[in-house]
Each structure stands twice: as structure tokens, then as C-alpha cells.
Amino acid sequence: MENINDLIEISRNPIAYARTMKSSGRKIIGYFCSYMPEEIVHAAGLHPMRLFGTKGDTSPADRHLQSYCCSLVRGALTESMAGDLDFLDGTVFPHTCDSIQRLSDIWRMNTDHGFFADVVLPVKLTTPSARQYMIEVMARFKGDIERHFGRPITDDDLGRSISLYNRIRSLLKEIYEMRSKAPSIFPGSELCSLMKASVTVDRNILPEALEGLVSELRAKAPSPGSNVKRLMLVGSVCDHPDIHSIIERSGGSVVWDDLCTGTRHLGAIEEGKDPLIAIADRYFERPICPAKHKSPTARGDHITAQAKEHGVEGVIFLYLKFCDPHSFDYPCIKESLEKAHVPSMLLEIEDRLPPEGQLLTRLETFIQML
Ligand code: SF4
Ligand code: SF4
């Protein structure tokens, strides 16, 4: 069984971990976006693994992708074309942002990882037909997996996976909440790595490791109040534990986030009802990202409410270059935060962080302003 340090180590080299899993006979399904119904993949006895792309040179993929695609998508295609993802037995593309949709077509034509599925989820989540459509998409995806891997997925299989995912997400949420009350009990960089590990490692071993950490954190006395500024990170994917360390050196601490590698991924699935309906319903209840629509103010309202609930003093928009959906949402969310008197700053990054000195200066200036 892995402990937290092992999980953090795995998050630094997920490909090496995937190769070990593969050599033990597990089939691995890669995906790029938290709208992928992992529970269905897990219920089929497969291992779902979120892919984060290389942080190196992405020019090989630039020949295939439009210039507006983000570095996450370019990095993933580069890794696949270089053979670094040869452990995959399949890849799944939820219908979300343009970059992921474009990657899907190009991936299908230029790579060969066995199973391939587009999961075409509804975009507008408030129409009368959206729920029924979502349920049918889940059923179709389940059928595609069953046919390709030659194994039926029963309701009991789905029920067990749902319970496991609920346990994992509820433990992660508890860690977030304990950190929000006393940020010094667990470094933000380690929570960021842990979140990445939680979509990388064998889910069956996660609850035990997380329970160990929760007990350890519960036993720690919260340190007395300090002058550390309480911050929130908002954006898409964060695969940069270092950013937390730099923020902490600048006098702040990320006490909450709205990231799809963070709290947006934590909601529970209702147990005891039809499992496919329950999985579909979670996508209506979880906080949305800009690839889904509920109302023009839904994201701003949610982020502002979360900032207030967690005593956030400043918000950092972590904006991945060329991520159009998040750039379109930014002005409305900023306005909503301004109305609530929560200052914010925009930090544009690529797959790699800007030079540390530059980042430190910008963050220190923002934090001193708060
Ligand atoms: S921000 Fe939304 S569309 Fe982008 S990767 Fe995350 S969940 Fe998917
Ligand atoms: S939402 Fe943004 S960061 Fe995520 S895949 Fe799409 S363009 Fe890239």
C-alpha cells in the first residue's frame, strides 16, 4: 500500500507508474478532462488515468494542431507521437472545449491506442432534454466499453465503483476543508501533487492512504493565526505544485480552488439509485467549467460564494495560454469578485511556469496589496 509520500512521488512520474501497472496486466484508459466518466471505466476493471502532457518541446504536435490549441493538448499529442503513451489501451475524449475536440479528431487519425471514444455530453445543462440526453450518453459509453473489452458491466460493478469514488472524493474534500481552516497543516504543493496522484494511481489503494493522511491531519493542532494571506486559485488544470511553494514564499497560501484538478472534481454521486442516472446527475450538480453552460453568472456566483465561504482575501486566475474558454469567462468572474470586494490577478502560464524570480515579484506585489 502506498503512503502519501509514495503518492506524491508517483505524481512526479506518472508514466513510470503506468508502465508498472501495465506490466502487471492492467489495461489503462487515458483521458484529459474531468468530464470523463471515470466510474464507468473503473467498473469495467480498467484503470482510468488522467494525462497531463509533456512539459518539454511540443513542436512535433504543432504540425497537426491549430495554433489556438492550449499547451496541455499540444503536450499530450507530442507525448503520444513520441511513443511515451504506448502503455495506453484506449483514450476517451469528452465533448468539452474546442482544444479537446480538435485533439480528438487528430488523435484518432494520428495515434493508435486501441479503444477510442468521444463522449458527446450536452453543453447547455438547463434545457428539459439535457438530463435524458446525458443519461443516454452514459449508457452508450458503457456499451462501447463493454463491446470493445468484451466484458459486461453490471449495476453492481457500477455501484461498487461509485462507492469507491465517493469515498475518495469525500476524503479529499475533508483534506481541503481541514487545510482551509489551518493551511499550515499540509503544504499546498503536496495537496496539488496529491490531487494529481488521485487521478493517476490505482483507485483501489487510495482510500487507505487518504484515511491515513486524514487521521494524521486531524491530530495536528492548527497553528495560531498568522499574517498569511488567504488565496484561491481559479482556472482549468493545475499541474504545478511549485506554484504553491512560490505563493507560500510570497506570504500567501492557497486555501481553496476552482480547478478541474481540484475542488470542481470532488462532488459525490448519489448511491442507491440507477447508477448511470446517478453518474449523469453528478454532472449537473458539480461546479461547471466554461465548457458547460448553466447561466451567464453561474460560474462567477459560485466562485464568489466559495471565496466568501473560505475567507479568501485574493483570487489568482491561473490562465493557461490559449485556453479560450477560461479567457472568455474571466471578465464576468472578475466583475463578480469586484462586486464582492475580492481583489484578483491574472497569471498567464504555459505548460511550464514563467521564471521563478518574475513570478515571485508579481505574486509578492499582489499579496502586499491585499
Ligand atoms: S477546464 Fe473544463 S474542459 Fe477544460 S479540462 Fe477542465 S473540465 Fe475539461
Ligand atoms: S479548458 Fe483550456 S486548458 Fe483545458 S483543455 Fe481546454 S483549452 Fe486546454
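Biologist: How are helix 5 and helix 6 oriented to each other, parallel or perpendicular?
Modeller: In this predicted model, local features need pLDDT of at least 70, side-chain atom pairs count only at 80 or more, and totals for chains, interfaces and linings use all residues. Residues are numbered from 1 along each chain, with chains lettered from A and ligands numbered from 1 as written. Helix 5 (residues 71-81) and helix 6 (residues 98-110), both DSSP runs (H or I, at least four residues), have axes 10 Å apart and pack at an angle of about 10°. Since angles under 35 degrees count this way, the two helices are therefore roughly parallel.

Biologist: Which residues of helix 6 make the contact with helix 5?
Modeller: Helix 5 contributes V73, A76, L77, S80 and M81 (C-beta atoms within 7 Å). By class, the contact has 8 nonpolar, 3 polar and no charged residues. On the side of helix 6, the partners are S99, I100, L103, I106, W107 and N110.

Biologist: How many residues in the shell around ligand 1 are nonpolar?
Modeller: Ligand 1 is surrounded by C33, S34, Y35, T96, C97, S236, V237, C260, C289 and A291 (C-beta atom within 6 Å). The shell holds no charged residues and 3 polar ones, while its nonpolar residues number 7.

Biologist: What does the C-alpha trace of the protein chain span along its principal axes?
Modeller: The protein chain has 15 helices and 8 strands, the strands being runs of at least two residues in E. Along the principal axes, its C-alpha trace spans about 60 × 50 × 45 Å.

Note on methods
Ala, Val, Leu, Ile, Met, Phe, Trp, Tyr, Cys and Pro count as nonpolar, Asp, Glu, Lys and Arg as charged, and the others, Gly among them, as polar. Axes are lines fitted to C-alpha atoms, for helices over the stretch in contact, and angles run from 0 to 180 degrees between N-to-C directions. Angles under 35 degrees count as roughly parallel, over 145 as roughly antiparallel, 65 to 115 as roughly perpendicular and the rest as oblique. Two residues are in contact if their C-beta atoms, placed from the backbone, lie within 7 Å.
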